[in-house]
Every structure is written in structure tokens, then in C-alpha cells.
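Subject: Structure handover

Hello,

Please find the structure below. My notes on it follow.

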Amino acid sequence: SDKMRKFGEKMLQTFGDILMECAVMLAGPKRLPRASSKCLIKYALQHIRLIDANRATIKCPDAESLLKAVEMAVNRWRSVGCSVVELEDHYFTGCMKHGY
């Protein structure tokens, strides 16, 4: 829902405020073609697994800052309703077709 998305955006912006060394960039909502592709490629058409309502890129200057940011994020969001679902490292690894 739109309320849930706005709440998540506010939480991510607040998180960005406490990360001194890293920049937090919010991603827009996933569009239908992208969501459909992700369900097909990553989740074998199990649409219920598409749960990343809020997404962000956290850009850190070095590996130490990155590890601190990950630790803070995982510790900050630990509940079923609000948790870190997936971490992707685009610095050390490359992406497959469609961003996976």
C-alpha cells in the first residue's frame, strides 16, 4: 500500500541520516514489467515472494564502512513486518541479465 511505502521511505531516510560515511539513495517502486520479470526469473512465478516494497542503494567509500552499514541495517530492522530481505553487493560481484 502507499502508506506502507511512505513509512518505509521515512525509515530509510532516517537511517541515511545516521550513516555519516555512506549515502542512502531510495529506489522508486518496482514497475509491473520489472516485477513480472523478477517473479519469473528469480521466484519461479511465486509472486508472494515479491516483498521488497522499499529498496535503497547504500554507497560507502570503503569496505569497512559498508560492513558497518550492513550490520546497522540488519540490527535496525529485525521484525517480520520490517526486515532486511536481501543484500546485494554490486561492488565485488557483477550482475546477470535483468540485474540478478
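At 4% relative accessibility, Ser65 counts as buried (buried means under 20% relative accessible area, exposed over 50%, partly exposed in between, with a 1.4 Å probe and protein chains only). This is a predicted model, in which local features need pLDDT of at least 70 and side-chain atom pairs count only at pLDDT 80 or more, while totals for chains, interfaces and linings use all residues. Residues are numbered from 1 along each chain as its sequence is written, and side-chain values use heavy atoms, with hydrogens and water left out.

Ser65 sits in helix α3, residues 63-76 (helices are DSSP runs of H or I, at least four residues, and strands of E, at least two, numbered from the N terminus). Neighbours within four places in sequence aside, Ser65 is in contact with Glu21, Cys22 and Cys60 (contact means heavy atoms within 4.5 Å).

Cys22 and Cys60 form a disulfide with their sulfur atoms 2.4 Å apart (the criterion is a pair of cysteine sulfur atoms within 2.5 Å). Cys22 lies in the loop between α1 (2-18) and β1 (23-26) and Cys60 in the loop between β2 (56-59) and α3, so the pair ties together parts that are 38 residues apart in sequence. The torsion about the S-S bond is about 110°, so this disulfide is right-handed. A search of the whole structure finds 1 disulfide. Cys22 is buried, at 9% relative accessible area.

Ala35 belongs to helix α2, residues 32-41, and is buried at 13% relative accessibility. Beyond four places in sequence, Ala35 is in contact with Lys30 and Leu50.

Regards
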